[in-house]
Amino acid sequence: PVVSDGTVIVASDGSNNDGEWEYGGLFAFDTQTGALEWKDQDNYNWRNPLLADGTLVAQNLENNNVNGFDAVSGEQLWSCQIDLTTTTLLAVHNETVYARLEGPDSRYIVGYSLEDGSEQWRHELPPDVSAEQRPGNAPDAAVHDGTIYYATQTENENALVAQSLTDGSVQWNCSLTRSCGAPRETLSELVVADGSVYAFTTVDPSEDSAIAASLWSVDADSG
């Protein structure tokens, strides 16, 4: 969920016991009373809600489009058709929506206008992130001072990557696995503050590990 100005908004792909998606949709509730303020169930399958400057952005899993809504009224403002098969919304910063797009042969970080959904630019992910042998989970991301920082998690690797939003160049790629010896089961959301990128990792509790959890601090400039 996302929260702003006394409203909490949930993007749901919930289904009933029969597997029907009729309970999914976008729902806005008053944070104090829980009263329903608006809902949109024209489609039942949503995820990745982001909220900035009164605009809600969410991904429609039925057609993979990215949609913008007025957060107060629920009115749809724009819809952006995606040209690749998989989309993951990452962050909103300075009127730009950042997303990861994936297809059979290519993967990109893309910037969309928060105002109208138009594509502003796209940069390819670095080869060692986009290679087929490292598909991994969709990365979490944070944006700061012209750089997007994101995490990659695969069966064999946990890493943090910094990529320029200006020209798409990779500024650094930091392997956490090299430091801890084995990939972690869980890799947290990222936070950038005071010149560092912070992440939290945990291992599967069923594994016999000397270290169950780790907090990472990586220099934001050098990695």
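The legends below describe close-up views of a predicted model.

**View 1. A patch of negative charge on the surface, formed by D53, E95, E115 and D116.** These four residues gather on the surface of the predicted model, and one of them, E95, is placed in the loop that runs between strand β9 (86–93) and strand β10 (96–102). E95 has a relative accessible area of 42%, which lies between the limits of 20% for buried and 50% for exposed, and therefore this residue is described as partly exposed.

**View 2. The edge-to-face aromatic pair of W46 and F69.** Four aromatic pairs are found when the whole structure is searched. In the pair shown here, the ring centres of W46 and F69 are 5.6 Å apart and the ring planes stand at 75°, so the arrangement counts as edge-to-face. Because W46 belongs to strand β5 (residues 46–52) and F69 to strand β7 (residues 66–70), the pair ties together parts that are 23 residues apart in sequence. W46 is buried, with a relative accessible area of 2%, and F69, with a relative accessibility of 0%, is buried as well.

**View 3. The tilted aromatic pair of Y98 and W121.** The rings of Y98 and W121 lie 5.8 Å from centre to centre, with an angle of 45° between their planes. Y98 is in strand β10 and W121 is in strand β12 (residues 119–124), so that this pair links distant parts of the chain, 23 residues apart. Both Y98 and W121 are buried.

Key. Residues numbered from 1 in each chain as written. Predicted model: local features only at pLDDT ≥ 70, side-chain atom pairs only at ≥ 80, totals over all residues. Heavy atoms only, no water. Patch = residues over 30% accessible without salt bridge, like charges linked within 9 Å, V, L, I, M, F, W, Y side chains within 5 Å. Areas by Shrake-Rupley, 256 points an atom, 1.4 Å probe, with all protein chains shown as cover. Salt bridge = Lys/Arg side-chain N within 4 Å of Asp/Glu carboxyl O. Lys, Arg positive; Asp, Glu negative; His and termini not counted. Charge placed at Lys NZ, Arg CZ, Asp CG, Glu CD. Helix = DSSP H or I, 4+ residues; strand = E, 2+ residues; numbered from the N terminus. Buried < 20%, exposed > 50% of the residue type's maximum accessible area, 1.4 Å probe, protein only. Phe/Tyr/Trp six-rings, centres within 6.5 Å; stacked < 30°, edge-to-face > 60°.
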